[in-house]
Amino acid sequence: MDKTQTPAPDPSGTPAGGTAATQTAAASPLALISLGLLLERPMTPRELALTAAERAAGSPVEGLPTPGPREFAAVAGALGEAGLTETVAHADGPAHALTERGRSEFARRVVARLARPDRQPPAFLTAVGYLGALDEDRATEALRERAGRLRERAARIGQALAADGGVPRLFVIENEYALRMCRAELDWIEEVLAEIGAGTLAWPRVRVTENGWEWELDAGAG
């Protein structure tokens with residue numbers, strides 16, 4: 001079974017041309033992945049899927065998308081309608097290759113994503129906003145579990161970076177970013193856990209009223 005994710009439209013813009021559906025597909029994050037892979041060489045949808053799966057399996061970063069040939073075929077078709085790719089002969093059947101316009105568009109999208117912060121907040125940020133909806137023990141247990149998982153992730157990424165001695169740093173720099181983000185989140189969680197343990201991050205007493213929640217902090221609580 002193909003592993004798929006439903007991507008949101010790329011905030012860097014939607015190419016003109018084609019139906020609304022193909023425009024959306026051509027502007028999706030999967031389209032950026034496709035453009036990046038095709039920058040290396042022309043590929044069939046099957047090659048695109050195999051290459052993406054190999055890269056994801058070899059990366060210490062979790063959750064990298066591994067779409068199947070059907071998903072790549074659909075996106076490549078949309079990119080073709082937008083003039084970003086063209087069909088070329090290949091030993092395994094028709095393959096997709098970047099056009100000059102496609103190369104320019106790929107670079108533009110990378111610049112846009114580097115320059116602009118993500119519009120959608122991470123799921124963890126949403127969950128943190130409801131930390132006070134849990135009781136203190138359950139919230140503490142969940143944060144401790146996440147901290148443990150983050151330590152394991154940081155160790156795994158750190159080991160991968162140490163083992164990448166023969167690879168130019170620029171080609172694995174995304175792992176450095178992932179490690180820094182992992183450590184930053186871990187530091188914040190450990191600070192919060194320390195505050196909960198010390199009693200400086202207090203759980204207020206909450207009453208549910210007809211007007212909503214009302215709460216009262218203990219005297220001296222932060």
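The model is predicted. The protein has 222 residues, of which 30% count as buried. Its secondary structure consists of eight helices and four strands, arranged from the N terminus as α-α-α-α-β-β-α-α-α-α-β-β.

**Overall surface and contacts**

- The accessible surface of the protein amounts to about 14,300 Å², and carbon and sulfur atoms contribute 55% of this area.
- Among contacts with a separation of 6 or more, 56% are between residues 24 or more positions apart.

- Helix H2 spans residues 29-38 and is mostly covered, with eight of its 10 residues buried.
- The buried residues of H2 include Leu-30, Leu-32, Leu-35, Leu-37 and Leu-38. Ala-31, Ser-34 and Gly-36 are also buried.
- Thr-44 is located in the loop between H2 and helix H3 (45-58).
- Thr-44 has a relative accessible area of 7% and is therefore buried, the cut-off being under 20%.
- Leaving aside residues up to four places away in sequence, Thr-44 touches His-90, Asp-92, Gly-93, Pro-94 and Ala-95.

**Salt bridges**

- The protein model contains 10 salt bridges.
- One of them joins the side chains of Glu-40 and Arg-55, with an N to O distance of 2.9 Å. Glu-40 lies in the loop between H2 and H3 and Arg-55 in helix H3, so this pair ties together parts that are 15 residues apart in sequence. Glu-40 is partly exposed at 44% relative accessibility, and Arg-55 is partly exposed at 44%.
- Glu-105 and Arg-108 form a salt bridge in which the closest N and O atoms are 2.7 Å apart. Both residues belong to helix H5 (residues 100-115) and are three residues apart, about one turn of the helix. An α-helix has 3.6 residues a turn, so residues three or four places apart point the same way. Glu-105 is buried at 13% relative accessible area, whereas Arg-108 is partly exposed at 36%.
- The side chains of Glu-190 and Arg-151 also meet in a salt bridge, at 3.0 Å from N to O. This pair links distant parts of the chain, with Glu-190 in helix H8 (residues 173-198) and Arg-151 in helix H7, 39 residues apart.
- Salt bridges with shared partners join Glu-62, Arg-153 and Arg-156 into one network.

- Glu-141 belongs to helix H7 (residues 136-162) and counts as exposed, at 56% relative accessibility.

How values were computed: Residues are numbered from 1 along each chain as its sequence is written. This is a predicted model: local features need pLDDT of at least 70, side-chain atom pairs count only at pLDDT 80 or more; totals for chains, interfaces and linings use all residues. Side-chain values use heavy atoms; hydrogens and water are left out. Helices (H or I, at least four residues) and strands (E, at least two) are DSSP runs, numbered from the N terminus. Buried means under 20% relative accessible area, exposed over 50%, partly exposed in between (1.4 Å probe, protein chains only). Contact means heavy atoms within 4.5 Å. Accessible areas come from the Shrake-Rupley method with a 1.4 Å probe; for residues, only the protein chains shown count as cover. A salt bridge is a side-chain nitrogen of Lys or Arg within 4 Å of a carboxyl oxygen of Asp or Glu.
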